[in-house]
Amino acid sequence: METKLPKLVRISIVGLGNVGSGVAEVIRRKQEEITRKYGIDLKIVGVADLPGAVVDENGLSEDAIRKFKSGETAEDMTTLDMIKDVEHEIVVETTPTNVENGEPGLTHILTALESDRHVVTSNKGPLALQYVKLMDLAASRGKELKFEASVGGAMPIISLVKDNLAGNGIISIKGILNGTCNYILTRMREEKLPYEHVLKEAQERGIAETDPSNDVAGRDTAVKLVILANSIFDRHVSYGDVEVAGITEITSEALKLADDAGYVIKLIGEVDGGGSGECLKVAPRLVPKDDPLNVGGTLNVATIKTDLAGDITVIGKGAGPIEAASAVLSDIIGIYR
Amino acid sequence: MKISMDIELTDIPGQLVLALKPVSDLGGNILSVLHQRDKKTPSGRIPVQLTLEIEEQGLNRLVERLKERDVNVVRIGKERLKESMMVLLIGHIVHTDLGETIDSIDSTGFAEVVELSLSMPGVDKKSSASVTLSAIGKEELKEALNILERTVNKKGIMIIPSI
């Protein structure tokens, strides 16, 4: 009897922060299952971080990745040399988001596509700044550029719209795309505490960063909206086109007044197809308590308004290394289905 | 036009149907009927509260026809402002001339501020308020929100509309 050999898919991971390390872990954890279910054999042949890259064409072990990350072993080559010269199929780009110029992620992605490799990324910066250029390059090379992890973490939006809701016209998407803001507003309402107090608590719990401004000023949500506007609505917009307000001015008294009238306050990102009454904005909004967008804690949620299916709402974990890695893994498998 | 109307029927069977028939005959639309069979007026009649939609010119004829059928019309209320929404304001609401803020809506003629709750935690702290706007229609309500947004933006007050 003839057994079909699984297809070898060699991967490099650029950026060994939470998400990149999470991707390495889920690939290790799920390897056999993925081979069995999808007929592909995932092998991590290179990882890169600030100092450069380590590579092994036979696959890097958990130990080898850990030693490189902790600085015990030196780099074999530069990150760009690894992307260009090491034989592999997919570059997973998970360096931190930079919305000023998109670097270093932008160069990584451009180099990977020019080297005829597929790219799966969680990095919002390059997508928010150079979406059209990147997608055109990928198309001209016949390669995929996938980025489900960049919006809503584990919560599927992009593939949900492109695959499962294919044939539907998408009218608008609105939702909570930042778990930190949702946590702060939820706690302020529940505990009747002022903003500064809850922010401190969120920082102590690792939910808010030391410099929380990207989250609380609404910028993170705005960048994600730009990605949705470009990828789902073909709107050709960038970060500067978004009307942005954050949550720093919200008072516990306002939350109480909203509560009395049957509402909660949430930081809502909203985007539609453009044209008349076009919308691309991030702002605190009143949400009726019985609306599906009223989810608490650090959860993300999005309601997708469609012309055939009506409203579809997805809820999921927006952050966390394994959750984001879940979206990266789905994108990887999606390339070979 | 939306109308609320209190009428009184004589206490014999079939009177309610008799009273409602002219509404549809005149092209009106009954929105609700509150018929309290167990409550009687001092004169022994049955009170009924109606809410209906009817053209303004049809209203006088409706009242005439009800009288012809021995139905007493005791009150007619025109509910002009049909659409409402709540918004929150955060900022120095009172000291930036709250009267003028409200007047920017009330002076439109098509919308009003019908409710306002204010929370003032301290003299130098920002106040929060919930404001209910009512308008004669959906478009007018939207326009009222735009006007309020422009008015409070100039005063450095944050506005939080509903989704």
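Biologist: How many residue pairs are in polar contact between domain 1 of chain A and domain 2 of chain A?

Modeller: Two, both at pLDDT 80 or more. A polar contact is a pair of N or O atoms within 3.5 Å; within protein, one must be able to donate a hydrogen and the other to accept it, and residues adjacent in sequence count only if both atoms are side-chain atoms. Mind that this is a predicted model: local features need pLDDT of at least 70, side-chain atom pairs count only at pLDDT 80 or more, and totals for chains, interfaces and linings use all residues. Residues are numbered from 1 along each chain as its sequence is written, chains are lettered from A and ligands numbered from 1 in the order in which they are written, and side-chain values use heavy atoms, with hydrogens and water left out.

Biologist: Where do the domains run in chain A?

Modeller: Domain bounds come from an automatic or database assignment. Here domain 1 is 7-154 + 322-335, and domain 2 is 168-317.

Biologist: What area is buried between domain 1 of chain A and domain 2 of chain A?

Modeller: The size of an interface is often given as the accessible area lost when the parts come together. Using a 1.4 Å probe and summing over both parts, we get about 1200 Å² for these two domains, with 75% from carbon and sulfur atoms.

Biologist: How many salt bridges does the rule find across that interface?

Modeller: The rule wants a side-chain nitrogen of Lys or Arg within 4 Å of a carboxyl oxygen of Asp or Glu. It finds two across the interface. A:Glu323 also forms a salt bridge with A:Lys317, with 4.0 Å between the closest N and O atoms.
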